[in-house]
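User: I should like to learn how to read the features of a protein model one at a time. Could we begin with the fold as a whole and then turn to single residues?

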Amino acid sequence: MASVYTVGDQDEWSSQTNYARWAERHSFNRGDVLVFKYVKGQHNVYEVSEETFRSCDASSGVLAKYESGEDEVALNEVKKYWFICNVVGHCLGGMRFGIQVKGDSNVTDGVFHSPIAPTPSSNSCSSYISQRWRVIHNFLLFGLLLFNYSF
Ligand SMILES: [Cu+2]
């Protein structure tokens, strides 16, 4: 199930928040949505390469730009996403973070829906064999009796 995250929670997308710490508190799966809320014109959102994230130099490595003030970014790929604010000084001041988006919850499904394999207890198994054996034994005994009787 997809989740929608407001970046920074109640602090939203602002200069006063530690977004590395915010990102650490959450885990993101493919299909989740990030919402960046801010006063249009005061900030913006650039999805960038890791290199640009580290340098805060958005002259290259920009993958997408958002500046509506209420930007929804769908995390549709399993990869690392890097976001910065490209208003002068804001990226270096802490308006940046990276997240790892994980794949669908197939693995989790495997854990919760493990195939229900019939696991007969050793008791029922041995009693089944002994039951079979008794039938065969009686059958042989009966055959032997018939055989002896007919001669
Ligand atoms: Cu900013």
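Analyst: Let us start with contacts along the chain. Among contacts between residues at least 6 apart in sequence, 69% join residues at least 24 apart. The model is a predicted one, and its secondary structure comes to 4 helices and 8 strands.

User: In what order do the elements of the protein run from the N terminus on?

Analyst: The order is β-α-β-β-β-α-β-β-β-β-α-α. Of the 151 residues, 19% count as buried.

User: How should the confidence of the prediction be read, and what is the mean pLDDT of the protein?

Analyst: Where pLDDT is low, the predicted coordinates should not be read in detail. Here the mean pLDDT is 85, and 77% of the residues reach 70 or more.

User: How is a sheet read, and in what order do the strands of the open sheet stand?

Analyst: Strands of a sheet pair through backbone hydrogen bonds, either parallel or antiparallel. In this model, 5 strands form an open sheet with mixed pairing, in the order β2-β8-β7-β4-β5. Strands β2 (28-29) and β5 (62-66) stand at the edges; each has a single partner strand, so one side of each is left without a neighbour in the sheet.

User: Which residues of β7 stand opposite Y46 and V48?

Analyst: Y46 stands opposite I84, and V48 stands opposite W82. Strand β4 (residues 45-48) and strand β7 (residues 80-84) run antiparallel and are joined by 3 bridges. The pairing of β4 with β5 is also antiparallel, over 4 bridges, and in it E47 stands opposite A64.

User: What is the general idea behind a nonpolar core, and which residues have the most contacts inside the largest one here?

Analyst: In soluble globular proteins, nonpolar side chains tend to be buried together. The largest nonpolar core of this model has 21 residues, and F36, V45, F83 and I84 have the most contacts inside it. At least two residues of this core come from each of α1 (19-24), β3 (33-37), β4, β7 and β8. Strand β7 gives the most, with 4 residues.

User: What does V45 contact beyond its neighbours within four places in sequence?

Analyst: V45 is in contact with W13, F36, Y66, D71, F83 and C85. Two of these partners, F36 and F83, are also among the residues with the most contacts inside the core.

User: Which residue lies 47 residues along the chain from H90, with 8.2 Å between their C-alpha atoms?

Analyst: That residue is H43. H90 is found in the loop between β7 and β8 (96-102). Leaving aside neighbours within four places in sequence, H90 is in contact with S15, H43, C85 and M95. H90 is partly exposed, with 19 other C-beta atoms within 10 Å.

User: Why is V33 classed as partly exposed, and which residues does V33 touch?

Analyst: V33 is partly exposed because 15 other C-beta atoms lie within 10 Å, a count between the limits of 12 for exposed and 20 for buried. The place of V33 is in strand β3. Not counting residues up to four places away in sequence, V33 touches A2, V4, E72, V73, A74 and L75. V33 and Y5 are 28 residues apart in sequence, while their C-alpha atoms are 6.1 Å apart in space.

How values were computed:
Residues numbered from 1 in each chain as written. Predicted model: local features only at pLDDT ≥ 70, side-chain atom pairs only at ≥ 80, totals over all residues. Pairing = 2+ DSSP bridges. Contact = placed C-beta atoms within 7 Å. Core = buried A, V, L, I, M, F, W, Y, C linked by C-beta atoms within 7 Å. pLDDT = per-residue confidence, 0-100.
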